[in-house]
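Dear colleague,

I am handing over a structure that is new to you, and my notes on it follow below. Please look through it before reading on.

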Amino acid sequence: MTLNELLMDAIKFDDELLAYSIYWLIKTNVLKGTDRANNINWNLVNHEEVKQMRERNELNLQTIKTFSVPLGNKQHMIIFAKSEKSAKGHVYTELGRIPTKIFDISNKMDMSFWFPEQQKNKSLRQVKDETLIFPATAMIFTKG
C-alpha cells in the first residue's frame, strides 16, 4: 500500500489525525505519495503543524466524530456529531439538559457492542455507517 492509498483510506474511515499526518509528510516532501506505507517513521511528523492544518481543515474533511456522555448509574450516551458543540446541543434536545462532561471517543470506532434486537455485535463504525442524519444518538449503554 502506498501513502496515497493510506491517505485515501484514512479519509474514508474518518481517521483525521492519520490523514493529516500523511498529508503533512507528503506536502512537506518528507515522503512521496508513491512511497510504501509500511515502516513510516512517525517521529518525522511535526505534530504542531498537523494540529494547525486540522484547525484550518486544509483537507476540507467533513468528519463525524463520536462522543460519549456519562448519564449516571454507569450509563453513557454515545452520539455521532460534527462537533462537541453539536453533540451537546443534541443531548439538550434529547434530555433537556446540557451535559457537564462529554468525551471525544472518535479513536474508538472499532469498539463493538451487542445488539440483542439484531442478535449480533456491531462496531461503532458500522452503526455510524448506517446512520443517515447527524447529530444522532448511537446508543445508550451501561458500562461495566
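What percentage of the 144 residues of the protein count as buried? The share is 35%, where buried means under 20% relative accessible area, with a 1.4 Å probe and protein chains only.

Please keep in mind that this is a predicted model, in which local features need pLDDT of at least 70 and side-chain atom pairs count only at pLDDT 80 or more, while totals for chains, interfaces and linings use all residues. Residues are numbered from 1 along each chain as its sequence is written, and side-chain values use heavy atoms, with hydrogens and water left out.

The protein has five helices and six strands, taken as DSSP runs (H or I of at least four residues for helices, E of at least two for strands) and numbered from the N terminus. Along the sequence they follow the pattern α-α-α-β-β-α-β-β-β-α-β, and the C-alpha trace spans about 50 × 35 × 30 Å along its principal axes.

Of the contacts (heavy atoms within 4.5 Å) between residues at least 6 apart in sequence, 54% join residues at least 24 apart. The protein exposes about 9,200 Å², of which carbon and sulfur atoms supply 50%, the areas coming from the Shrake-Rupley method with a 1.4 Å probe and, for residues, with only the protein chains shown counting as cover.

With Lys and Arg counted as positive, Asp and Glu as negative, and His and the chain ends not counted, there are 20 positive and 17 negative charges, whose mean positions are 5 Å apart; each charge is placed at NZ of Lys, CZ of Arg, CG of Asp or CD of Glu.

Best regards

Technical notes
Buried means under 20% relative accessible area, exposed over 50%, partly exposed in between (1.4 Å probe, protein chains only).
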